[in-house]
Amino acid sequence: MSDRTPSAVMLTRRAIDAANAGDVDDARQNLAEALAVDREYVPAWLWFASLARNDPERRFCLERAAQLDPDPKTRAALTRLRAVAPVIPPELAGIVDPAPPPDFTYAAVRPPMHRRLWLWGAVAALIVVAIGAGLFVALRGWPFAEEEPVYIAFAGGMSGAGAQYGTEMVDSIRLYLDRVNDEGGLDGHPVRLLVYDDKDDPATARAVSQQIVADGRALLVIGHRTSSTSVAAAPVYEAAGIPAITSTANADNVTMDHPWYFRMTFNNTTQGALLAAYLHDVLNADQISLIADNSDYGRSLFAGLLSAYPGHGQVRHALAVDVMSGGFDASLTQAVATLRSDPHPGTVVIGIEASFAQQAIVAIRDAGITGPIVGSEAIGSDLFLASFAGLPAERTDPGKYTNDLYAASPLIMDSLTSESLRWYDAYASAYGSAPGWRGATTYEAAIVAVDAVRTALTRTQIDDRPALRTNVRDALLALDSPEHSLPGLLGPIWFDQTRTPPRSVSFGVARGGHFQSAPIQLQPYVPQTGVDVSDEIAQGLTIKVDDRYFDRQRIVFAGINFNQITDLDTSDRSFFADFFLWLKYTGSDNAADIAFTNAVDPSLSLGQPLKNAVVDGMTYRLYRVTGRFKAPLEFHAYPFDQQNLIIQFENRSLPSWQLVYAIDPVLLATPQSERLQSGSNTSRTVNDIPNWQASSVDLYQDTVGTTALLGDPQATGSSGGVDYSLFTANVSIERVLGSFLVKNLLPLALLVLVTYVSLYFSPQSLEARVSFGVTGILTTAVLLTSVRSALPDVGYTVAIEWGFYAFIVLAALCILVSMYANRLYQQRRLSDIRRLDLVARIAYPAIVAVVVLAYVIKFA
């Protein structure tokens, strides 16, 4: 017979056999012996529960089983016994730990010192980790979880002839949504874009709008691209209560007939009236021939132009081409034949969707009609001009199709403001191509869409889609005046009673594959005190269009090529610049009467031109300018700062409604690598400031001035202030961190190391350990004063100071640790000292690592 002790399994099987034989007492005893062998054998606890004599015993056994294996059945059985207090079965009294005495207090028994030190070490480590995680979240946002997304839909032609325009629009929306989501979304809710392809076809557009409604997620729609597709989809959105914003459709009936539709560009009534005025009063066209398509877009532009032009001149031909039912080729051939048969067709005006307009222009030029062609905004982008580049006749005879080609547009790229330039550069950097006006107006559509959703979310729960959509529309309608507007790329965004932004039309002329601003523009008339509008009309300065007035605005193309940037003085925020400046303009030489608004010397002038010529009626003047200029230096991120060194000038006497400085189109196509080369020596960079490097040169124009009446006693409520066109050239520079960090932070790094070494000194060397900490604090204060001496008197804490302050706190903690360690030494608690020093030696580099990590996250 074996002397081996039976296992818990064997004893439990014996218990089961005894229970089946009806001997419960023997079964309980075998189970007690099984649990004495293995207290964690769950089947024994469960069988004991089944053989319990009462519910208190049963609860006790089930609790032990549930602690070892939280099986749902066991927990369910316990739930039914929750009103019963557990009682230990008598057979198990010898294997269960006894209860503590009634007056026992855990606080009376203190753990040994080494356990407390390890506990504090663990707490210190957790604090360091928490600080690091908190810094990461504060600086970069919470990356692990997000609220329920909100959805915006885009609908437009993503395939077919207009696919390149649809792609530009989607990319521009995503550019803005990425920015919004990087900043935390809308109160934590990320904004997602749903993209639908309507192929620029009205029937498909209606089907797509029904898909958007059926999907149910979108709070509003940006689209459609064309007027016909927008009109086709509008009733579906209106019936579903979904607001829509078109950034490109100009037909009046898109918004006039559909109260849930908004637009981001001018309508065809405005465009037609301004085209009529521009044709007659700027291009001196007394006769025109109009070719328009039979879509909603073409019909409304046709009507707008025909209602406005008869007051200016004669309409020789008003021809329609079919883009709706497959008859475009035949109708275009007939229209061109009509023009060709007329020896004096006048200036040809085309109002045809971009997908068909190129074919129309080619047919007109191939028919030998060489006069000016003026197009609507449909063709007013460089992307449209690029469609001619691959044509054999254009390659052999550049300009065959695009010479004397004018176009209306919401935005010409040589007139970018600082805000629109940032968008332009961000788009080009993200997608590797230059955007057009459709990208700009669609970006603005994304701005108002996100703002409207943000407002709606403050009024309605996210799961109440119908109420959210209604509140989105209400938020859009609230943008009803300049006082209630949003900042946009093309100016303040607000809607008139037709839910259309009251914006003017820019006119461009094709040059070298790009549209550049035409030399004369029309801008809304600005009433001036003491000036009679009839006198300005007689002088040719102002034009009347229906019941509105427009100023003739001269465009002066300007450019700056830097030769040298040097002698940056951060204490008085100024620098020295040497540069070439040129102007191209028509009309009076008062265009060259400029003042440098940020020159240290207010009397700085252009001086005599190095070159003065007139080419094709346009004056060209080249100057070389040297002087000191004020710089808007900002030091919050010092020494990881990037600074902008700017040159700014404006006309001394002509306000912005009479003259605007635009970027010379030659510079728009110039890569940054060439802009950064010195104009006087291309082998050198423009930057000659030690410990700095130039990263970019940007040019843009803005309007500055005041809307105040400047105390004019003749001013009336309708009078405006005086605004001037401001041209800016901006050299962005970055500090070379390597030499700066070695010079200024190496001493601090050595102090960090030396202070850390003091933690390895004997605890009885209190004076030495404390002196290291105190010396570190005092030396840091001196170093900080030295670092700040290079800065002007700023009223804020710069980035580098936080690192010095962190070390001062760390040195102070080292002093406290040293004093506590010495106290333990006095008590001869040597093992506690070793553990305290161990915790300090671990926590010190961990805290340093957290500080360094914070700088890397923030400034890398």
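This is a predicted model: local features need pLDDT of at least 70, side-chain atom pairs count only at pLDDT 80 or more; totals for chains, interfaces and linings use all residues.
## Basis

Local features require pLDDT of at least 70 and side-chain atom pairs pLDDT 80 or more, while totals for chains, interfaces and linings use all residues. Residues are numbered from 1 along each chain as its sequence is written, and side-chain values use heavy atoms, without hydrogens and water.

## Largest pocket

The largest pocket has a volume of about 1,700 Å³ (the space filled by probe spheres set on grid points joined across faces, edges and corners). A pocket is an open set of points on a 1 Å grid over the protein atoms alone, where a 1.4 Å probe fits, with protein on both sides within 12 Å along at least five of seven lines; lining residues have an atom within 4 Å of a point.

Its lining comprises 46 residues, with Leu490, Gly491, Pro492, Gln523 and Pro524 nearest the centre. Strand 15 gives the largest share, five residues (strands are DSSP E runs of at least two residues, helices H or I runs of at least four, numbered from the N terminus). The lining divides into 22 nonpolar, 19 polar and five charged residues (Ala, Val, Leu, Ile, Met, Phe, Trp, Tyr, Cys and Pro are nonpolar, Asp, Glu, Lys and Arg charged, the others, Gly among them, polar).

## Helices 4 and 5

The axes of helix 4 (residues 55-68) and helix 5 (residues 72-80) come within 10 Å and cross at roughly 145° (axes are lines fitted to C-alpha atoms over the stretch in contact, with angles from 0 to 180 degrees between N-to-C directions). Arg59, Leu62, Glu63, Ala65 and Ala66 of helix 4 meet Thr74, Arg75, Ala77 and Leu78 of helix 5 (contact means heavy atoms within 4.5 Å).

## Arg28

Arg28 belongs to helix 2 (residues 24-37) and is buried, at 0% relative accessible area (buried means under 20%, with a 1.4 Å probe and protein chains only). Beyond its neighbours within four places in sequence, Arg28 has contacts including Phe48, Arg53, Glu57 and Glu91.

Conventions. Buried means under 20% relative accessible area, exposed over 50%, partly exposed in between (1.4 Å probe, protein chains only).
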